[in-house]
Amino acid sequence: VLFYHLQNGMIEMYDPKNRRTFLKKCRYESISLKDLYLGAKISVYSRLLTVVSYGDDFTRRMLQKASAKTLCIIKAPAYESSGKILDCLIQQGFIVTNAKLCNLKPIQAAELVGNGEEAKSLAIDNIYAFELACKDAVSKLNEICSGDTKLRKILSKLPVEAALYAASSTSDVQKQLDFIFSK
């Protein structure tokens, strides 16, 4: 069990199997609050730990607010710029928590985003799907897609809508993430 003390950034570890302290409370600079989300892999003194759950409901609520998730899909026309797009998103504070290259059939694309032009554009070729985490992830990604000049510079003449799909509402995000990453 890893304890992270928010007030001073210190950590300590407890071994529940042997019922004893494994690591006394100490400062550990390479771990911060943004690193502590479900599924995160963190290294503490050469031990690789995976965050599998939170200690209590208060911690779960607070950390889930701090690291909401969203779906970002890079479409075929933007393949060449995918690394630069990810760099841009990471510089904006997003953390890539999952990634997948996939090819959607038209019926799957329609199930993911509804019928229409968006579904057709997702079913044309392979797509890169990314689960991104940060505070207010859905609104922040949509804001970046609609107005960020750095992203527009990366895409040059390609419209953002032709290059990227961003989940539009927080109510749809978990369903879309499950659809892409549980298969």
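Select strand β4, residues 41-44 (strands are DSSP E runs of at least two residues and helices H or I runs of at least four, numbered from the N terminus). I42 and V44 form its covered face, while K41 and S43 form the uncovered one. This is a predicted model, in which local features need pLDDT of at least 70 and side-chain atom pairs pLDDT 80 or more, whereas totals for chains, interfaces and linings use all residues. Residues are numbered from 1 along each chain as its sequence is written, and side-chain values use heavy atoms, without hydrogens and water.

Opposite S43 you will find L48. Two residues separate the strands of this hairpin, where Y45 has a positive phi near 45°.

Next, go to D15 in strand β2, residues 10-15. D15 is buried (under 20% relative accessible area, 1.4 Å probe, protein chains only). D15 has no salt bridge (a Lys or Arg side-chain nitrogen within 4 Å of an Asp or Glu carboxyl oxygen). The nearest side chain of opposite charge, R20, is 4.9 Å away.

Finally, select I85, L89, F94, L141, L151 and L164, the residues with the most contacts inside the largest nonpolar core, which has 22 residues (buried Ala, Val, Leu, Ile, Met, Phe, Trp, Tyr and Cys joined through side-chain atoms within 4.5 Å). Elements supplying at least two residues each include β6 (68-74), α2 (82-91) and α5 (137-147). Another core, of 20 residues, lies apart from it; L104, A109, L112 and A167 are among them.

How values were computed:
Buried means under 20% relative accessible area, exposed over 50%, partly exposed in between (1.4 Å probe, protein chains only). Lys and Arg count as positive and Asp and Glu as negative; His and the chain ends are not counted. Two strands pair if DSSP finds at least two bridges between them.
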